[in-house]
Amino acid sequence: MIPCIVPEKINEVRYKLMEVFKDFPEYLPNASEYVLGGFAALGNPASFHHPYIRELRNLGFQTAINSIPQTHKYKQMLFDRVLYRKKGQKAQPESWHRDITPNRDPEDIIYQCWINLDQENQYLSAVPGSHNAETGSQTGFAKIEKKDHEILKASSKKIAIPPGHIIMFNQNLIHEILATPAKKDMLRIYFGLRYTNTENPLFDNKEIIAKQGVPALPSGQMPPMYSINHLTIFMKKQFGKYEGLEDYCSQTFKAGILIEFLSKKNKTIHKICPRIMPSLQEMGLPLYQEYAPEEIAQYYPH
Ligand SMILES: [Fe+2]
């Protein structure tokens, strides 16, 4: 666990982030849920490119690399999401898995990291030592077979991450998503740290950075705004305070970013936010300040 933000500063960071969220250009002023699903990690392009979020991600990355010896020729920062889970929200329990970056070099060591921006501990449930095992050819969100769950559960540990600290773990570590409801509004900034001997960046984010688009996550997956179930079962069916996905989208997003979606089931057109959002530029929204060349360089092996 690496100290990153002093406890006295956490409230200020939280306050600033709330202001940043309210200012996101994709949303209506009275939007209350920025993304659907209990995991609650944001997927709108502004949540990756707002200068304050970039600043926090950079701070996390710099703090992490300064805390461990560099074992490889190069280091690289990987984009990841901001999590904003409101009090009472809980993630779907997702069973034991690893998040493995596709096409990584066999010598790479990639860490999944997050900064705890709460005044309380956050927790990771993981199986200590499991990063040393052979991971085989699986990539992405790599689930562990059901038959092994019991033994994993028995050897797993719930690891506390104190306020303002970074948790950093090898992406080969087996972990699970805990489904405990948030006791207070929870904030986290995720990022990836890759140590490599190659100059291949794995993700070429040149265009994503220029147009301020949504980057792939370290697992290679694209961050969605809602689940497939929302597109099918819940398009017109109530969840929370909404009369379905279409209603959520019309109450949440600016009209200009909604697209027409043809439901195959009832042959109706619905106006919704794209499940994977386009870039700020493609949506005709204002871009934040350009990335400086030194900032872009962080996202490549250097
Ligand atoms: Fe994971």
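Tutor: Helices (H or I, at least four residues) and strands (E, at least two) are DSSP runs, numbered from the N terminus. This is a predicted model: local features need pLDDT of at least 70, side-chain atom pairs count only at pLDDT 80 or more, and totals for chains, interfaces and linings use all residues. Residue numbers start from 1 along each chain as its sequence is written.

Student: How many helices and strands has the protein chain?

Tutor: Count the DSSP runs of each kind. The protein chain has 8 helices and 13 strands.

Student: What is the radius of gyration of the protein chain?

Tutor: The value is taken over C-alpha atoms, and the globule rule is 2.2 Å times the number of residues to the power 0.38. For 302 residues, a compact globule would have a value near 19 Å. The chain agrees, at 19 Å.

Student: Which residues of α3 are buried?

Tutor: Buried means 20 or more other C-beta atoms within 10 Å of the residue's own; exposed means 12 or fewer, partly exposed in between, with C-beta atoms placed from the backbone. Helix α3 spans residues 51-67. Its buried residues are Ile53, Leu56, Arg57, Gly60, Phe61 and Ala64.

Student: Which exposed residues does the face of α3 turned away from its buried side carry?

Tutor: Look opposite the buried side. That face carries Pro51, Glu55 and Asn66.

Conventions: Expected span 1.5 Å × (residues − 1).
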